[in-house]
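This report walks through a two-part reading of the structure shown below. Please keep the sequence and the 3D view at hand.

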Amino acid sequence: MTETAVSPALPRTNPRLALITWGALYFAARAVLESAETPWVRVAISLAPLPAFIWFLRDFIRGLRGLDELERRIQLEALAVAFPLTMVLIMTLGLVQVAIPLSLDDWSYRHIWPFLFVFYLAGLTLARRRYQ
Amino acid sequence: MKNRLKVLRAGKNWSQADLANALSVSRQTINAIETEKYDPSLPLAMKMARLFGEPVEQIFELES
């Protein structure tokens, strides 16, 4: 995205900073959860990264609105790859879980979210290559 | 959709970046339109037509 593609009327956004903050809070929460014992404290720690996620979502959507039409299409195609692939992964994992017992340490919801980023980046790469 | 954007741009001696600046889009968008990998929206096509002083149908042609 170039500077010229951004409308000057839109507020400044920093989705990368929000993403890093969200990620840092998530891993900090996971680390702290190892030692916290009181249930309400554990739940509070689990919810702690949510404000940073809301910040990220707000900046990401604002950033999308500031992109030019081709870049918006590229982002749409990236999400169109990532969303169904993640859905298939969750559904397949659910079926496998019904079929055989899976260890929560190997496969659980906390292992799935990184795949969303991998699928999104793969979709982004494919879409960018298509319009190069 | 075929287009004459590259020819028109060359006629004005503009780079892709110059045209992108004039239209408030990225250089990648101009390149994708010129190489016919991407068809612009109607507002962008009309902006181009206004910029080059030609009707939209003189710049873009629907392939049969």
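## Polar contacts and the chain interface

A polar contact is a pair of N or O atoms within 3.5 Å; within protein, one must be able to donate a hydrogen and the other to accept it. Residues adjacent in sequence count only if both atoms are side-chain atoms. The model is predicted. Across the interface of chain A and chain B, five residue pairs are in polar contact, both residues at pLDDT 80 or more. On the chain A side, helix 4 and helix 5 (109-130) of chain A each give two or more residues. Helix 4 of chain A supplies the largest share, five residues. By class, this side of chain A has six charged, four nonpolar and three polar residues.

How many salt bridges cross the interface of chain A and chain B? The rule finds zero. In contact are 13 residues of chain A and 14 residues of chain B. The two chains bury about 1,100 Å² between them. Of that area, 47% is on carbon and sulfur atoms.

## Helix 3 of chain B

Helix 3 of chain B spans residues 27-34. Six of its eight residues are buried, so this helix is largely enclosed by the rest of the structure. The buried residues are B:Thr29, B:Ile30, B:Asn31, B:Ala32, B:Ile33 and B:Glu34.

What covers the buried residues of helix 3 of chain B? The cover includes parts of both chains. Chain A brings helix 4 (69-99). From chain B come strand 1 (2-3), helix 1 (5-12), helix 2 (16-23), helix 4 (42-52) and strand 2 (60-61).

B:Gln16 lies in helix 2 of chain B. Is B:Gln16 buried or exposed? Its relative accessibility is 13%, and buried means under 20%, so B:Gln16 counts as buried.

One joins B:Gln16 and B:Asn31 at 3.2 Å. Another joins B:Gln16 and B:Glu34 at 2.9 Å. Both partners are among the buried residues of helix 3 of chain B. Leaving out residues up to four places away in sequence, B:Gln16 touches B:Arg9, B:Arg27, B:Ile30, B:Asn31 and B:Glu34.

## Positive phi in two loops

B:Ser24 is in the loop between helix 2 and helix 3 of chain B. Its phi is near 55°, a positive value in a residue other than glycine. With 41% relative accessibility, B:Ser24 counts as partly exposed.

B:Glu36 follows helix 3 of chain B. This residue belongs to the loop between helix 3 and helix 4 of chain B. B:Glu36 is not a glycine, yet its phi is positive, about 60°. The relative accessible area of B:Glu36 is 36%, so this residue is partly exposed.

## A:Tyr131 at the chain boundary

A:Tyr131 sits in the segment after helix 5 of chain A. Its relative accessibility is 1%, so A:Tyr131 counts as buried.

Which residues does A:Tyr131 touch, not counting those up to four places away in sequence? In chain A they are A:Leu70, A:Arg73, A:Ile74 and A:Glu77. In chain B they are B:Gln28, B:Ala32, B:Lys37 and B:Tyr38. B:Ala32 is one of the buried residues of helix 3 of chain B. A:Tyr131 and A:Leu70 are 61 residues apart in sequence. In space, C-alpha to C-alpha, A:Tyr131 and A:Leu70 are 8.5 Å apart.

## The two domains of chain A

Ten residues of domain 1 are in contact with eight residues of domain 2. The two domains bury about 700 Å² between them, 63% of it on carbon and sulfur atoms.

Between these domains the salt bridge count is zero. Three residue pairs are in polar contact across the domain interface, both residues at pLDDT 80 or more. On the domain 1 side, helix 1 (15-33) and helix 3 (50-65) of chain A each give two or more residues. Helix 1 of chain A gives the most, with five residues. This side of domain 1 has six nonpolar, two polar and two charged residues.

Notes:
Residues numbered from 1 in each chain as written. Chains lettered and ligands numbered in written order. Predicted model: local features only at pLDDT ≥ 70, side-chain atom pairs only at ≥ 80, totals over all residues. Heavy atoms only, no water. Buried < 20%, exposed > 50% of the residue type's maximum accessible area, 1.4 Å probe, protein only. Helix = DSSP H or I, 4+ residues; strand = E, 2+ residues; numbered from the N terminus. Contact = heavy atoms within 4.5 Å. Buried area = accessible area lost by both parts, 1.4 Å probe. Salt bridge = Lys/Arg side-chain N within 4 Å of Asp/Glu carboxyl O. Nonpolar A, V, L, I, M, F, W, Y, C, P; charged D, E, K, R; others polar.
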